[in-house]
Amino acid sequence: MTTFKLDKLFFGAGLSLAVVSSLVFGGDEKTLRASALGDSYLGEFYRVDELSSTSPGVLIRHETLDEHQSLNRAADNIRLLYTSTEGLFAEDIVAVSGALFIPRGTPPEGGWPLLGWAHGTVGIADICSPSYNGRQQRDETYLNHWLANGYAVVASDYQGLGTQGTHPYLATRPAAYSNLDIIRAVQSAAFPVSNTIVMIGQSQGAAAAIATVGHAPEYAPELDIQGLVATGAPYFSAEGIAAIQETRPKDAVDPRLGYNFLALSMLGLIDPEFVLEDYVSADVLPVAMAVTDTCYVDMKKLVKRELVTYNKAFKKSPEKVLTEAFRRMEYPTLKLSAPAFFGIGGKDINTPPRMQQALVTSACVAGSRVRAHFYPSATHGSIVNGSTEESSQFVASVFAGEEIIGNCNELPF
């Protein structure tokens, strides 16, 4: 029987589905911080038996990425392993993986201007980590665009994706710490990158990028984050959650239920009383448990193949227990210390326009400098590359030190 060891928990592949679910989606106090949901062995690079440093933001090792993990406009494609602060409880130092992409050519004085890329939903299984699994074509096109225009890109896999431990899906503080510490690791090594940074992110990554800017002044005040680009950004306020519920049919097959199952996976980390079987029906339990070894793209296909509807999936509504998960998905502040570009797609059904508009409005009220752009025909996926003309101008202006004037007084929606 293959086993994966992490602290006090031994997760065996030969365990029954019910036992596995009780262990990794809830259980006693001992499993609260030791769940290994989604863990698998990706190779020695991702494995750390004992950390050599107890400080966050220290590079542990690096190597060249394989071809399918690389970007074709990069001169150097580098896999990274570094230390970071575990973000759910902020008590331990853990290893996190990621990647660095260096443009072709000679770097300018001061190094290539550095972009911190925060990826969208890929799943919680280690095999889904971008530095191991590679990136979907949309993201390759997007990142190659920036590389071709002379920007270096550093990209965390996030805590628990690729490395030991469960990835706390959509929890903003863990993702922010992962992003801030990969920037620290890269800037303190001998890579030819700038001391200034602009964060860019899509969907889950947009939330991570916003949280990165929000946590930076307290967690990593030495970092010089000059700007933020966010597309398809979620906002788990009362209004934002209502917007999602209005677009999610309860009696029709909905591939986006994969998001629900991923969100539920975090509850086993933060709530020792949570047990998945209390909420998910026996017929759909195997689909919900597939998050342990299935990436999000295939989760959507599985939900469609098994004809899963909300009413079929849940024997009891998980909305009450998800409240605690939603708290972990909140932003530390919306009064951002750097100007922010928001790209909103009018046909986005994953993070509906109403949700994103509420986020932008809240950021404006909080006093952030916001440049909001509305693209009526853009979907959750097409907004990424569909907004590059305007976001490129924004990023270029930020790195040039130009004043960014917001449009909160004349929002385009």
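The questions and answers below concern a predicted model of a protein chain.

Reader: How many helices and strands does the protein chain have?
Author: The model is predicted. Its secondary structure comes to 11 strands and 15 helices.

Reader: What is the radius of gyration of the protein chain, against what the globule rule gives?
Author: For 413 residues the globule rule gives 22 Å. The value for this chain is close to that, so the chain is as compact as a globular protein of that length. Its C-alpha trace spans about 60 × 50 × 35 Å along the principal axes. The radius of gyration is 20 Å.

Reader: What share of the residues is buried?
Author: A residue counts as buried when its relative accessible area is under 20%. Of the 413 residues in the protein chain, the buried share is 60%.

Reader: In what order do the strands of the open sheet stand?
Author: The sheet holds 9 strands, and their pairing is mixed. On average, neighbouring strands are turned by 20 degrees against each other, direction ignored. The order is 3-4-5-7-6-8-9-10-11.

Reader: At what angle does helix 5 run to strand 8?
Author: Helix 5 (residues 204-219) lies across several strands, among them strand 4, strand 6 (112-118) and strand 8 (193-202). Its angle to strand 8 is about 140 degrees.

Terms used: Residues numbered from 1 in each chain as written. Predicted model: local features only at pLDDT ≥ 70, side-chain atom pairs only at ≥ 80, totals over all residues. Heavy atoms only, no water. Pairing = 2+ DSSP bridges. Helix = DSSP H or I, 4+ residues; strand = E, 2+ residues; numbered from the N terminus. Axes fitted to C-alpha atoms, helices over the stretch in contact; angles between N-to-C directions. Contact = heavy atoms within 4.5 Å. Rg over C-alpha atoms; globule rule 2.2 N^0.38 Å. Buried < 20%, exposed > 50% of the residue type's maximum accessible area, 1.4 Å probe, protein only.
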